[in-house]
Amino acid sequence: MENAALTFDRVKAGYKGRIVLDDLSFQIREGEFISLIGPNGCGKSTLLKTAAALLKPVEGSVCLFGKNVRSMRPVSRARHIGVVPQKVESPMAYTAGQIVMNGRTAASGLLRGLREADYVVIERSMIYTDVLYLKDRYFMELSGGEQQRVILAMVLAQEPRIIMLDESISHLDINHRYEVLRILKRINREQQMTVVLVSHDLSLSAEVADRLILMDNGRIAGDGTPEEVLRPDILDGVYNCELRVQNDPLTGAIHVSGIFEGFNDSPGKHKTVHVVAGGGTGIELYRRFALYGFRVTTGVLNKMDSDAEAAQALGVDAVLEKPFSAVGDEPYRKAAEMAGKAEVLVVSDAPFGPGNLINLRLAEEALAAGKEVWIAGGIAERDYTDGKQAAKAAEKLIAEGARTWTNLRDLMKNLKG
Amino acid sequence: MIKKGLHTGAQPAALLGIRTVPAGRVTVFFVAVPMLLTLCLFLGPTGIGFPDPETSIGKAVMTLRFNRLVMGLLVGSALSVSGVVFQAILRNPLAEPYVLGVSGGAGLGATMAILFGAVSAIPLSLPVAAFTSAVATLFLVYWIASRGSRGAPSVYSLILSGVIVSAVCSSLIMFLVSTASVEGLHNVIWWMLGNLQPAPLQQRLVSALFIGSGFAGVWLLASRLNALTLGREMAHYQGINADAVIMGGLLFATLTAATAVSIGGMIGFVGLIVPHVTRAMFGPDHRWLIPLSAIGGGTFLAVCDACARTVIAPVEVPVGVVTALAGGPFFLLILQRKMKHAWIG
């Protein structure tokens with residue numbers, strides 16, 4: 001149990017021109033049941049590919065049982081690590097039995113075919129995953145759950161010491177999902193097989209895994225028992241939304257879910273928000289506010305600005321100025337009227353120049369009228385006016401009671417109050 | 001790791017009984033093939049008959065028929081096996097021996113050799129030119145396809161660059177043909193239609209050696225080709241050096257097809273359809289598919305050639321016409337009923 005099964009040592013890896021895994025280090029011991037979790041695009045699949053030597057790390061090393069995976073021969077590598085991909089397809093009409101036989105191909109060498117011992121392994125893994133009765137059916141005509149079990153049998157026939165599953169069970173129905181998980185739990189317990197399960201289902205991961213590794217942006221954001229990792233303060237930041245973690249009073253199981261509150265309430269209960277944006281910085285704000293039932297207005301924006309187009313697409317009331325021109329008096333007056341009806345004014349992280357500096361006056365007016373004003377932090381870096389007028393104006397506003405925001409999640413939390 | 005407890009006394013293979021190939025059909029196949037081949041020897045312009053081997057004319061006729069039979073077997077099996085390999089590696093039912101530019105390259109080489117007078121000077125220069133330019137075209141296609149991708153090229157870029165290079169070659173051939181003399185034109189067209197006039201013995205032996213080693217190469221890769229149809233990534237996870245298998249397979253298959261083209265010209269249809277029919281009849285396991293389609297393809301071409309030289313004797317129909325006209329409907333019938341045993345999805 002003490003042996004290190006898989007070791008990542010300061011690994012940087014990714015695709016052409018894009019580093020996904022950023023200086024990643026961790027160790028998995030033999031016999032552990034691990035669930036690898038994290039949002040889409042955080043590098044889970046890249047990690048799997050790097051572990052199986054499909055991707056070459058740019059820096060650092062990946063070791064399987066103390067041996068560098070890059071220096072292993074393919075056959076020996078396959079006996080150390082087996083991977084079940086998300087989906088496996090064969091265009092040709094192989095039977096399930098023939099598919100499982102592929103698991104022994106590499107081990108059987110070029111010149112000799114499968115031996116009796118190979119068939120013993122094939123049979124055993126097919127019994128383990130309960131697919132022996134499917135052996136003469138066409139693989140591609142099986143149901144998703146059956147296919148997944150056949151592929152699992154094929155990978156088990158490699159006799160690997162670590163098995164990694166890449167979201168392979170997430171598209172199965174609940175019955176088949178638990179069936180595959182039971183198989184995995186069993187081989188983990190009986191044969192000390194190390195299991196690494198990539199999953200999106202946090203509650204399920206907490207249920208089956210001894211240890212969770214939470215990834216975010218190619219780094220490890222949390223590593224430990226389910227109780228240690230599935231905490232709102234860790235998860236909220238990684239998934240960039242509010243999550244609720246509950247313990248089932250009967251079983252003690254951890255249950256993670258998103259929050260719907262405020263979503264179905266009548267919009268009248270919610271505030272109207274006026275957003276000062278530009279250059280594409282408003283899109284996510286409009287979307288989030290609209291999603292949580294706020295009434296959103298925005299302006300002044302230039303026509304053809306990506307924010308203006310997004311506002312139009314999302315049905316957000318907007319005051320527009322001609323393309324590429326400074327904000328004139330008439331649009332400003334309209335925007336001021338609009339902002340006057342809103343309870344909250346939010347300034348996005350838009351760049352400010354002489355053309356749209358006047359938009360900050362909306363914030364001044366709102367503050368003077370006793371309204372809540374939120375300004376995105378770090379305005380000085382986006383200030384292109386002479387003498388940093390925007391930054392100065394923002395400083396003054398903050399001194400008078402405007403608040404700053406840096407990430408959307410906290411802003412949403414505060415506004416929902 | 002699954003523990004290696006081999007204490008079960010039962011025969012595991014028998015116990016498991018994974019059906020890889022239908023035994024009954026294989027038996028029928030192996031009975032039918034010698035009968036068909038014998039029939040080819042008997043088929044002559046005057047109907048079915050056996051020329052008296054005692055007379056010198058009879059002897060000559062038999063030798064000629066036998067040699068053409070051998071040519072048909074060689075070329076047919078080479079094209080079929082190379083079709084099987086291309087379809088497996090490219091995971092595409094439209095793949096055939098000529099897909100990566102073998103035909104275009106060979107055709108261009110042969111056309112130049114004929115039109116620039118090399119052939120009339122040294123007859124052997126035709127197959128040599130066809131062969132070398134076919135292989136050179138494969139390398140060109142492979143090189144184009146692998147630019148911009150690390151390691152081995154993707155299947156799609158291989159197919160696309162193969163099609164494009166072939167098209168360029170065809171245009172060059174058309175240009176050469178349009179400027180050629182009438183006599184050269186006739187020679188080029190005749191070569192491109194394909195025919196199984198026996199090549200000189202030495203050339204046949206060399207070709208048989210090439211084709212034979214190509215067969216041996218792809219047969220060694222057979223179980224890896226099975227794994228490769230699940231995709232390059234999955235094959236890699238299973239401990240198979242997918243890039244090496246793809247490279248080796250393409251090389252062996254092209255070598256085989258180029259050799260066939262160099263002795264038989266461009267006979268179409270065989271390399272596309274025989275693999276499909278063999279797969280539909282015997283399943284997609286390449287350990288069986290490769291030898292069976294070699295035998296099946298060879299027999300098919302030999303039979304077609306026997307028909308080609310007899311149906312409207314003494315005029316000889318190009319064998320490529322027979323393969324398509326006679327074989328087409330027959331194979332379509334089989335595919336209609338059995339396609340689901342070959343390709344799914």
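Tutor: Start with one residue. A:Arg409 has a relative accessible area of 14%, so the residue counts as buried. Keep in mind that this is a predicted model.

Student: Which residue does A:Arg409 meet in a salt bridge?
Tutor: The partner is A:Asp410, with 3.9 Å from N to O. The cut-off for a salt bridge is 4 Å.

Student: How many salt bridges does the structure hold over all chains?
Tutor: The count is 28. Take A:Arg211 and A:Asp223 as one case: their closest N and O atoms are 2.9 Å apart. A:Arg211 sits in strand β9 (residues 211-216) of chain A, and A:Asp223 in strand β10 (residues 219-224) of chain A. Twelve residues separate them, and the pair links distant parts of the chain.

Student: Which residues do salt bridges with shared partners join into one network?
Tutor: Go back to chain A for that. The network joins A:Arg29, A:Glu32, A:Arg211 and A:Asp223.

Student: Next, domains. How is chain A divided?
Tutor: Chain A has domain 1 (4-258) and domain 2 (267-416). The C-alpha centres of these two domains of chain A lie 46 Å apart. Five residues from domain 1 of chain A and four residues from domain 2 of chain A make the contact.

Student: How do I read the size of an interface?
Tutor: It is often given as the accessible area lost when the parts come together. Between domain 1 and domain 2 of chain A, the buried area is about 460 Å². Carbon and sulfur atoms give 40% of that area.

Student: Which three residues supply more than any other three of the area that domain 1 of chain A buries against domain 2 of chain A?
Tutor: They are A:Asp236, A:Asn240 and A:Glu242, which supply 82% of that area.

Student: How many salt bridges does the rule find across this interface of domain 1 and domain 2 of chain A?
Tutor: One. A:Asp236 also forms a salt bridge with A:Lys413, their closest N and O atoms being 3.9 Å apart. The rule also finds one residue pair in polar contact across the domain 1 and domain 2 interface of chain A.

Student: Now the two chains. How many residues of chain B are in contact with chain A?
Tutor: There are 46 residues of chain B in contact with 56 residues of chain A. Chain B and chain A bury about 4,800 Å² between them, with 61% of it on carbon and sulfur atoms.

Student: Which helices of chain B supply at least two residues of the side that touches chain A?
Tutor: They are α1 (12-16), α3 (56-89), α10 (222-228), α11 (232-237) and α14 of chain B.

Student: How many residues of α14(B) are buried?
Tutor: The count is 19 of the 25 residues, so α14(B) is largely enclosed by the rest of the structure.

Student: One last residue. Where is A:Thr298?
Tutor: A:Thr298 is in strand β14 (residues 295-302) of chain A. Its relative accessibility is 0%, so A:Thr298 counts as buried. The side chains of A:Thr298 and A:Tyr286 are joined by a polar contact of 2.9 Å. A:Thr298 also touches other residues, including A:His274, A:Val275 and A:Met338.

Definitions and conventions: Residues are numbered from 1 along each chain as its sequence is written. Chains are lettered from A and ligands numbered from 1 in the order in which they are written. This is a predicted model: local features need pLDDT of at least 70, side-chain atom pairs count only at pLDDT 80 or more; totals for chains, interfaces and linings use all residues. Side-chain values use heavy atoms; hydrogens and water are left out. Buried means under 20% relative accessible area, exposed over 50%, partly exposed in between (1.4 Å probe, protein chains only). Helices (H or I, at least four residues) and strands (E, at least two) are DSSP runs, numbered from the N terminus. Domain bounds come from an automatic or database domain assignment. Contact means heavy atoms within 4.5 Å. Buried area is the accessible area (1.4 Å probe) that two parts lose on being put together, summed over both. A salt bridge is a side-chain nitrogen of Lys or Arg within 4 Å of a carboxyl oxygen of Asp or Glu. A polar contact is a pair of N or O atoms within 3.5 Å; within protein, one must be able to donate a hydrogen and the other to accept it, and residues adjacent in sequence count only if both atoms are side-chain atoms. Lists of a residue's contacts leave out its neighbours within four places in sequence.
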